[in-house]
Amino acid sequence: MRWSNYYLMTAREAPRDAEVISHQLMARSGLIRRLAAGIYTMQPAGWRTMRKLMAIVRREMERAGAVELSMPAIQPAEIWEESERWYKYGVELLRMEDRHGRRFCFGPTHEEVVTDLVRRDVKSYRQLPINLFQIQTKFRDEIRPRFGLMRGREFIMKDAYSFDANEEGLDRSYRAMHAAYSRIFEACGLEFSVVEADQGTIGGSSSHEFMVLADTGESAVASCAACGYGANVERAEVGELATPAQAGDEAAREVETPGTTTVAQVAELLDVEPARVVKTLIYDTDEGLAAVAIRGDREVNETKLLNVLGGLGLRLATAEQVEAATGGPLGFSGPVGLPAGLRLVVDESARQVAGFVCGANRGDRHFASVSWDRDVASARPIEWVDVMTAEASDPCPRCSAGELRLSRGIEVGHIFKLGTAYSEKMNCTFTDEHGRLHPAEMGCYGLGIGRTAAAAIEQGHDRDGIVWPAPLAPFAVVLSSLDPGDEAVRSAADSLYEKLVDTLSTGGFDVLYDDRAERPGVKFKDADLVGFPVRVVVGARSLKGGGAEVSARGDGEREVVALDQVSDVVLGLLG
C-alpha cells in the first residue's frame with residue numbers, strides 16, 4: 001500500500017478531551033476520529049489493527065471449540081425482564097421504543113439473547129456442551145465517557161457463552177476459555193496478568209479478569225510473587241493481619257473525646273494504636289441502612305460491601321440519617337448500643353481486636369476497653385464478613401511466605417461462571433439421560449477489541465509515539481523514500497517495495513510505502529508517531545552507503561543494508 005493513496009492523516013496536537021496517552025496517540029496518528037461523546041470512527045489504519053486483533057481472537061476461539069455467530073444488537077425488553085435486568089442494569093442501558101411503542105434496548109451484552117436462542121433449540125444433554133461467540137458492536141450509555149476507546153459508549157467486543165450439562169462441564173469450558181484468552185494476549189505480544197475479580201452486574205459464582213499491565217492502568221491489581229495469587233483490589237483478600245497489642249480485661253467505659261471525629265484524632269488523644277480503634281460507618285442502600293465496622297487502620301472496600309449488603313446502590317449515609325439511626329452525630333458512631341433494627345456487619349480484621357476503642361453514639365464520647373462478645377454480640381447479632389481493601393505489603397491470603405504487591409492494569413478481558421443464574425430465570429433447560437429437566441450451566445467470556453488495542457498503546461509508547469507489538473501494528477514495515485524526485489532513489493525504492501511485499505506477505509507481514517512528497521523530517525516523525533515496528537529508508541545518502549537504512553522502532557538503532565538483503569534483515573527484526 002502506498003501512503004499517497006492511503007487514508008492516513010496525522011496531527012501534531014491531540015484533541016483537548018484526550019486525557020490518556022492511548023487516546024492522544026490514537027487521535028494524533030489517524031487511527032480514530034471522534035463523532036460524538038464516546039463514539040468513534042475507526043479510520044483505515046486503526047481498523048487494520050482491529051482486524052488483526054480480531055483474526056487472533058477468532059483463531060483462538062475456534063481452537064478452543066467455540067462457534068461464531070452474529071446476534072442482533074437491538075434487543076426486546078421482554079427477555080431483559082425475564083432475566084430481571086431491565087431495571088437492575090441501570091441508566092447505562094440505552095432503552096428505546098419502535099413506531100409501535102414496543103420497548104427495546106441497544107445491547108451492552110448478550111446473555112439474554114443467547115439464552116433465548118439456546119432454549120429454543122437445545123432439549124437434551126446429548127446436544128451439550130455448546131460454546132457460541134461473536135464479535136460485535138455494543139453500546140453502554142456511560143455517564144461520563146472518557147479515555148477514547150478505553151471507556152467509550154459504543155465499542156467492539158468479543159463475547160462468548162458456554163452451555164454445559166453440569167458444573168464439571170462448566171469447569172472444563174471455563175478452563176478452555178481461560179487458556180484461550182492467555183494465548184490471545186500472548187499472541188498479541190502483550191504483558192498481562194490474570195486476577196480474580198468481582199462479578200458485578202453480570203452475576204455468577206466466579207470470575208477472572210485479564211489485565212494488560214501498564215503504569216497508566218485504571219485498575220489496581222494485588223498479586224503475590226511467591227505463589228502467583230492475583231486479584232483485582234475490588235476482590236482481593238488479605239491474609240491474617242498482626243493483632244495489635246491488647247488492653248487489659250477491664251470493663252468498657254465511656255470517655256470524653258471532644259472534637260475527635262477521625263481515627264487519628266481518637267488514637268492520639270487516648271494514646272492507642274489506630275488498629276485498636278474500630279471505626280463504624282453508616283451506609284445507605286436500596287435495602288436500607290447498615291452499620292459497617294472495621295479496624296481503624298484499614299479502609300472499607302465498597303465493592304465487597306455492596307456484595308454483602310445487596311441492593312442496587314451504596315452510599316454513605318447523611319449526617320441526618322446517621323443521627324436518626326444511631327442517636328449520635330456523624331463521626332461518633334460505634335457498634336455498642338446500636339438499635340436492634342440496624343444491620344451490623346463487621347470486617348474479619350476486627351474480630352481479634354480486644355479491648356478496643358469505638359464511638360459511643362453520643363457527641364464527643366467514645367467507649368474504651370470494648371469486647372465484641374461481652375459488649376456487642378450479647379445484645380445483637382454480628383455478621384462477620386470480608387469488606388477490607390487490600391494494601392501493599394499485606395500478607396498473602398494463599399501462602400504464608402508472600403506479601404501482596406500492588407500494580408496498575410487495564411482490564412481487557414473478563415470471564416465468568418454464570419451457573420444457572422440466567423438459565424433458571426429464562427427456562428433454558430434440557431433433559432438428562434433419565435428424562436429429568438435441568439437448567440443449563442452457563443459461562444460468559446468477554447474481550448474488548450478496541451480496549452485491547454488502546455491498552456497495547458498504554459503499555460507500549462514513548463515520547464515520539466506508539467511502539468506497537470508487531471502482531472497489532474497497522475503495518476509491520478514502513479518504507480520511506482526520502483527523495484522521490486530523484487530517479488535513482490525512486491527506482492530503488494519502488495523495486496524494494498515490490499520485493500518486500502512479495503517476501504513479507506508469506507509471513508503475514510505488510511508494508512506501507514511512504515512515497516509522499518514530504519520532507520524527511522515529516523516522514524520520520526509520522527513513522528514514529530504511528531509506530532511501525534520496522535522502518536526502511538531509501539535515499540541518496542543510503543544508496544551511496546550501499547543500500548537502505550533499516551531500524552527497529554523499539555531501539556532506534558540504524559543499519560545500512562544491501563538492497564538484496566533488506567527483506568531478510570526485516571524478517572529477522574520482526575521475529
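**View 1. Strand 30 (residues 548-552) and strand 31 run antiparallel and are joined by four bridges.** In this pair, Ala548 has Val561 of strand 31 opposite to it. Helices (H or I, at least four residues) and strands (E, at least two) are DSSP runs that are numbered from the N terminus, and two strands are said to pair if DSSP finds at least two bridges between them. The model is predicted, with local features needing pLDDT of at least 70 and side-chain atom pairs counting only at pLDDT 80 or more, while totals for chains, interfaces and linings use all residues. Residues are numbered from 1 along each chain as its sequence is written, and side-chain values use heavy atoms, with hydrogens and water left out.

**View 2. Five strands make up an open sheet of mixed pairing, in the order 28-27-29-30-31.** Strand 28 (511-514) and strand 31 (558-561) are at the edges with a single partner strand each, so one side of each has no neighbour in the sheet. On average, and with direction ignored, neighbouring strands of this sheet are turned by 20 degrees against each other; axes are lines fitted to C-alpha atoms, for helices over the stretch in contact, and angles run from 0 to 180 degrees between N-to-C directions.

**View 3. Helix 13 (residues 520-530) packs on the five-stranded sheet.** Helix 13 touches strand 27 (477-481), strand 28 and strand 29 (534-538), where contact means heavy atoms within 4.5 Å, and the direction of helix 13 makes about 165 degrees with that of strand 29. Helix 15 (residues 566-574) lies across strand 27, strand 29, strand 30 and strand 31, and runs at about 5 degrees to strand 30.

**View 4. Helix 2 (residues 44-63) and helix 11 (residues 449-459) cross at roughly 110 degrees, their axes coming within 10 Å.** Helix 2 is therefore roughly perpendicular to helix 11, a term that covers angles of 65 to 115 degrees. Thr49, Met50, Leu53, Met54 and Val57 of helix 2 make the contact with Ile449, Gly450, Thr452 and Ala453 of helix 11.

**View 5. Three strands form an open sheet in the order 4-6-5, with antiparallel pairing.** Strand 4 (74-76) and strand 5 (94-97) are the edge strands, and each of them pairs on one side only. Neighbouring strands of this sheet are turned by 35 degrees against each other on average, direction ignored. Strand 5 and strand 6 (residues 103-106) run antiparallel and are joined by four bridges, and Leu94 has Phe106 of strand 6 as its bridge partner.

Methods: Angles under 35 degrees count as roughly parallel, over 145 as roughly antiparallel, 65 to 115 as roughly perpendicular and the rest as oblique.
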